[in-house]
Amino acid sequence: MPMIEVQNLTKRYRERVAVDALNFSVAEGEILGFLGPNGAGKSTTMKILTGFLPPSEGTAKVAGFDVFEQPLEVKRRIGYLPETPPLYPEMTVAGYLKFVAELKRVPGRGLRAEVERVSGLTGLADVMGRVIQNLSKGYKQRVGIAQALLGSPPVLILDEPTEGLDPAQRAEVRGLIKGLAGKHTVILSTHILPEVTMTCEKVLIINQGRVVAYDQIRKLAKVHGGKAENVSLEEIFIKLTAA
Amino acid sequence: MRTALAIARKELSIYFTTPWAYAVFTAMLAVSSFFFVNSLFDFQRAQEMARTYGWDRIPQEFRNLTDGVMVPFWSTVVMITLFVVPFLSMRLFAEEKRNKTFELLMTAPVRPVEIVLGKYLGGLGIITTTLGLTIFFPVLLTVFGKADSGSALEWSTVLLGYGGLLLWGATCMAVGMFISSLTESQMVAALVTFAVLLPWMLLQGLAQATEEPVRSFISYLSFGAQLQGLMRGVLDLKAIVFFCSVIFFSLLLSHRTVEAQRWA
């Protein structure tokens, strides 16, 4: 059974169709790269998967639970980093992570250890006592990632996790996400295409709410590359989303 | 319920790390001390008049400090509360929506009822602190005042009066929280809360212009009329039930609004 299963998912805002009959599934332990130009419907799809927005039509299932019918079961299994990291600027990093761990019902005894584990993974150990509003953009983004990892949820939905990071930090986060494969099922949206080639086996490209490509990266290269041997994902992306 | 408590703790820690709460505390103490001194002065003048003209010509309430100073003082604190609560309640939901942290709450395994209760508990904490600061004034009276019958104040009445005051604060907070859940803008939340609370308070005046069955119905709904007994330190069960129902319905509506996010 796939970990994430999306069938005929549609989201309409009045007249405008943001997501149009999306179908895809992600197997357990897989990392799916989720691509598309700005405004293609990536964030909307992710918001529906996490139960923040209801779909207009179609269904989405996480670990066999429908996101609309059994939202609590789904939310218990998802770590979510929204487009804008959901941070309280007045809180310290330690206070914030403790609060999120409590929200996710991490048991009281393991709470400190869990916060320490996650802050170690994301390289936050040195800034734990600092107030979030004084952190650099890169650190804020990392706090956002740390928050998603708390409680070690089986599914991670990361909306542009490397946004605002410098190249070195980006490489770190990439390494971190690669390390999650196998244990976690990950959906990763990003604008930085080489990132996808490095971290994901499979990609889903959407444009104007519709799927334009959904396959393994190698196969995509074969199909759309034509005669050229080493066609990059970037070229495929531009070709597919130009229409 | 552990998550509700976690949310309440978070609310309180944010209130106390921003200057907002301290500005509100200062405003409450500054304005209420002004009115306290005023009613103390009135009381003193009444005493002097009583000595000159005899007690028969002086209103009953000036016979003791509780009725002569604390009761008028509470009625001004009630008004200050009405002005102050919108500034405390406005951020409860509006700020989360503007900051996009509402997404965190709504995608965490937390039920809407826990979010609403947690936020309301946090709000109660801050309004209780604000009102609790004014207990300084009756303590001052007890320490420096003297009466023939021992303590200068009837503390049982004072405590009942403070109970009523807290119930009033809790009511304003519940209404303010519901309004905050409707908007992303804290400014709008504060203004609308004020625009709802003040006319509701003064509904009694409107009642004067109407005919009988309507008149008693409208003045029954008025905050001002319901507060009269409570603010004299009387255990007015009817008013307690009234305010508790307003709180309950406001929480219910807030819950509906948070729940509606799932259907938007």
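Modeller: The account below begins with conventions and then turns to the interface and its surroundings. The model is predicted, with local features needing pLDDT of at least 70 and side-chain atom pairs counting only at pLDDT 80 or more, whereas totals for chains, interfaces and linings use all residues. Residues are numbered from 1 along each chain as its sequence is written, chains are lettered from A and ligands numbered from 1 in the order in which they are written, and side-chain values use heavy atoms, without hydrogens and water.

At the interface, 32 residues of chain A are in contact with 30 residues of chain B, contact meaning heavy atoms within 4.5 Å. The size of an interface is often given as the accessible area lost when the parts come together. Here chain A and chain B bury about 2800 Å² between them, and 62% of that lies on carbon and sulfur atoms; buried area is the accessible area (1.4 Å probe) that two parts lose on being put together, summed over both.

Two salt bridges are counted between chain A and chain B, a salt bridge being a side-chain nitrogen of Lys or Arg within 4 Å of a carboxyl oxygen of Asp or Glu. One of them joins Glu114(B) to Arg105(A), with the closest N and O atoms 3.1 Å apart. Nine residue pairs, both at pLDDT 80 or more, are in polar contact between chain A and chain B. A polar contact is a pair of N or O atoms within 3.5 Å; within protein, one must be able to donate a hydrogen and the other to accept it, and residues adjacent in sequence count only if both atoms are side-chain atoms.

On the side of chain A that touches chain B, the elements giving two or more residues are helix H2 (71–76) and helix H3 (93–103) of chain A. H3(A) gives the most, with five residues. Helices (H or I, at least four residues) and strands (E, at least two) are DSSP runs, numbered from the N terminus. This side of chain A divides into 20 nonpolar, four polar and eight charged residues. Ala, Val, Leu, Ile, Met, Phe, Trp, Tyr, Cys and Pro count as nonpolar, Asp, Glu, Lys and Arg as charged, and the others, Gly among them, as polar.

Within chain A, Glu114(A) forms a salt bridge with Arg117(A), the closest N and O atoms being 3.0 Å apart. Both residues lie in helix H4 (residues 111–121) of chain A, three residues apart, about one turn of the helix. Over all chains, the whole structure holds 19 salt bridges.
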